[in-house]
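Subject: A structure for you to explore

Hello! Here is the structure I promised to pass on to you. Please open it beside this email and follow along as you read.

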Amino acid sequence: MEAASSYVPVGKKQLPKSRNPLTADSKFWRRFKRRIVDEQKFAVTCVDFCPVFPHDFVVTASTRVVVYDGASCQVKKTISRFTDLAYSGSFRPDGQLIMAGGETGLIQIFDANSRITLRQLKGHSRAVRWVRYSESDKLHVLSGSDDNSVRWWDVASEEAVVKFQEHTDYVRCGSYNPASPGIWVTGSYDHTVRMWDTRTAKSVSLLQHDKPLEDVLFFPSGSLLATAGGNMVKIWDVVAGKVLTVLGNHQKTVKKLKLTTPSESESRLLTASLDGLLKVFDIEDFKVVHAAKYPGPILAMDVSPSCTSLAVGTASGLLSVRQRKSVISEERATQALEVSGQEQKEVLRPSNFRYFLRGATEKASDDDYVLGSTKRALRQEHDWLLLKFRYKDALLAALNTKDPTVVVAVIEELVARKGLVQAFSNLEVGELEILLAFLTKHVASPKYSRLLVPAAHSVFDTCATSFAASQSLKQQVTKLKYAVEEEVRLQESLQSFQGMLQTLVQAAVH
C-alpha cells in the first residue's frame with residue numbers, strides 16, 4: 001500500500017515551488033526592457049547624463065563627444081573639435097554647456113546647442129582624464145591630469161586659480177561633496193584619495209586605498225565616500241577616516257561608481273567592472289540585489305536622474321542604452337495632450353538645418369518683390385587646368401578663346417604663381433606664333449600694356465633660341481617690333497602736341 005503523502009488527485013499536476021523568487025529590486029531593474037545599441041569606432045570612455053530634463057547624455061569615444069537625445073536615444077550633435085583623444089565629456093549642472101578634456105592637456109568648453117567653443121583652459125602638460133563643473137556655481141571647473149596635478153579653474157578668465165600637486169601619479173577621478181560646497185576628493189594611481197578645500201587651497205584629508213584609483217563617489221550626506229580601485233570598492237567614513245566595509249564582488253578592476261535613487265525612500269549603489277558585470281548594491285547592508293552581464297569590459301556607465309535610462313559603454317566601442325517607461329511621465333503627457341488637444345508644433349532653431357529652409361517652398365504674392373537667384377558661374381577650361389597646375393595648357397586654352405581679358409587674367413595668375421616662365425619655356429613653334437600674334441595685337445592697348453610689356457620681355461628671354469630657328473617666328477617678331485615702334489611714334493607725337501597746348505594755355509592766361 002502506497003503512502004498517503006504520494007497521492008495526487010486525478011487531472012491535477014503538482015507544480016514545483018520557485019526556488020529563487022524575484023525581489024523588488026530585480027523586478028525594478030528588469031523593467032529596463034527597451035534596449036538601444038550603438039556601435040562606436042573606438043572604446044567608450046565616458047557617459048554623462050544631463051541633470052536637466054529631458055536628460056540628454058554625452059558619450060566620449062576617441063576624438064569625439066556625441067550628444068544623444070534623452071528620450072529617443074538618437075544622435076543630436078557631434079563635437080569633433082579635438083586633435084587627439086577626448087576624455088570625460090560632461091554637462092554643466094544647468095545643461096547649457098559641455099566640457100571635455102583631451103590627450104594634449106587642453107580643456108574645452110562648448111555651447112550645448114551650437115557646439116561653438118566658448119573657452120579653452122590651458123595649463124596641464126599631459127592628458128586630462130577627468131574634469132567636472134562645480135555644482136555650487138557655474139563659474140569654476142576642477143580637473144585631474146596625468147601630469148599628477150589637480151587644478152581649480154576660473155572659467156571666465158581661463159586661468160587656474162588653485163593648483164594642487166600632492167599626488168605623485170596620474171589623477172583619473174574625482175567627486176564633489178554635495179553637503180559641503182568647496183570640498184572635493186580626487187583619486188590617483190598613487191593609491192591615495194585626497195580631499196581638497198578649494199576655498200583655502202589646502203589638502204584636508206588623505207585616505208589610502210592600496211590600489212590605483214579608478215573612481216570615487218561621495219554619498220549625499222557628505223560623510224560617506226565610495227572608492228573603486230582594483231576589484232574592490234571601499235566605503236569610508238570620511239569624518240573618522242576609516243573603512244566601514246569592503247565590497248569584493250567583482251573579478252576584475254571596477255571602473256565606475258554611481259549612486260541612484262529608484263524610489264524616494266531608498267538608494268542603490270551601482271558598480272561597473274572590466275569583468276563585464278554591472279552590480280546593484282543596497283546601501284543599507286551593501287549586499288548585491290541585482291546584477292547584469294554585458295558583452296565586454298565596461299569602461300563607462302551612468303543612470304539618468306529620473307532613473308529611467310541606463311547607459312553603459314564598453315572597451316569594444318559598444319554603447320548599450322536601456323530604458324524604463326515611467327508611469328508618471330506617461331500620465332503627465334496624456335494630461336498635457338488632453339488640455340492642449342493636439343501636440344505642440346516643433347520649434348525650429350538655428351542649430352537645425354531646416355531652420356534655414358523656411359519659406360523656400362512659399363509662392364510669392366502679387367505685392368511681393370521677387371529677387372531672382374544668380375546662377376553660379378561655371379569654371380572654364382583654363383580654370384580647371386590652373387587647378388591642376390598645367391600652366392602651359394591653361395595659357396593655350398586662354399589664347400584659344402581670343403578674349404584679351406581672359407588671356408590677361410591667366411597671365412596675371414601665372415605671374416602670381418611664379419609659373420609664367422615655365423609656361424613660356426614649353427611652347428612649340430606654332431604655339432609661340434599664336435602668342436606673338438596676340439602680343440602684337442594688344443601690347444599697345446592701354447588696358448593691357450602694363451602686364452603685356454613685361455610678358456613680351458619674358459617671352460624673348462625664354463624663347464630666344466626658338467626665334468633663331470624658325471622663319472615664321474622671325475616674321476612675327478618683326479610685326480611685333482613694328483607695332484611697338486608705331487606706338488612709340490604715336491606717344492612722341494602726343495607728347496609734342498601736349499607741349500604745344502601747354503604753351504598756348506600759358507600765353508592765354510598771361
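Is Phe 57 buried or exposed? Phe 57 counts as buried, at 1% relative accessibility. The terms work like this: buried is under 20% relative accessible area, exposed is over 50%, and partly exposed is in between, using a 1.4 Å probe and protein chains only.

A word on the background. This is a predicted model, where local features need pLDDT of at least 70 and side-chain atom pairs count only at pLDDT 80 or more, while totals for chains, interfaces and linings use all residues. Residues are numbered from 1 along each chain as its sequence is written, and side-chain values use heavy atoms, leaving out hydrogens and water.

**Aromatic rings**

Searching the whole structure turns up 11 aromatic pairs. Rings of Phe, Tyr and Trp (its six-membered ring) pair if their centres lie within 6.5 Å; planes under 30 degrees apart are stacked, over 60 edge-to-face, and the rest tilted. Phe 57 and Tyr 68 make a stacked pair, with 5.2 Å from centre to centre and 5 degrees between the planes. Phe 57 belongs to strand S3 (residues 57–61) and Tyr 68 to strand S4 (residues 64–68), so this pair ties together parts that are 11 residues apart in sequence. Strands (E, at least two residues) and helices (H or I, at least four) are DSSP runs, numbered from the N terminus. Tyr 68 is buried too, with a relative accessible area of 2%.

Next, look at Phe 82 and Phe 110: their ring centres are 5.7 Å apart and their planes are at 65 degrees, so the pair is edge-to-face. Phe 82 sits in the loop between strand S5 (75–79) and strand S6 (86–91), whereas Phe 110 is in strand S8 (residues 107–111), so the pair ties together parts that are 28 residues apart in sequence. Phe 82 is buried at 11% relative accessible area, and Phe 110 is buried at 0%.

**Salt bridges**

There are 15 salt bridges in the structure; each is a side-chain nitrogen of Lys or Arg within 4 Å of a carboxyl oxygen of Asp or Glu. One of them joins Arg 92 to Asp 94, with the closest N and O atoms 2.7 Å apart. Arg 92 and Asp 94 are both buried, and together with Lys 138 they are linked in a network of salt bridges.

Where do Glu 413 and Arg 417 lie? They are in helix H5 (residues 404–417), four residues apart, which means that about one helical turn separates them. Glu 413 is partly exposed at 31% relative accessibility, and so is Arg 417 at 28%.

**The largest pocket**

Rolling a probe the size of a water molecule over the atoms shows where empty space is left. On a 1 Å grid over the protein atoms alone, a pocket is an open set of points where a 1.4 Å probe fits, with protein on both sides within 12 Å along at least five of seven lines; lining residues have an atom within 4 Å of a point. The largest pocket holds about 1,400 Å³ of space, a volume being the space filled by probe spheres set on the points, which are joined across faces, edges and corners. Its lining has 47 residues, and those nearest the centre are Asp 48, Arg 132, Leu 217, Lys 258 and Asp 302. Strand S22 (254–263) gives the largest share of the lining, seven residues.

Enjoy exploring!
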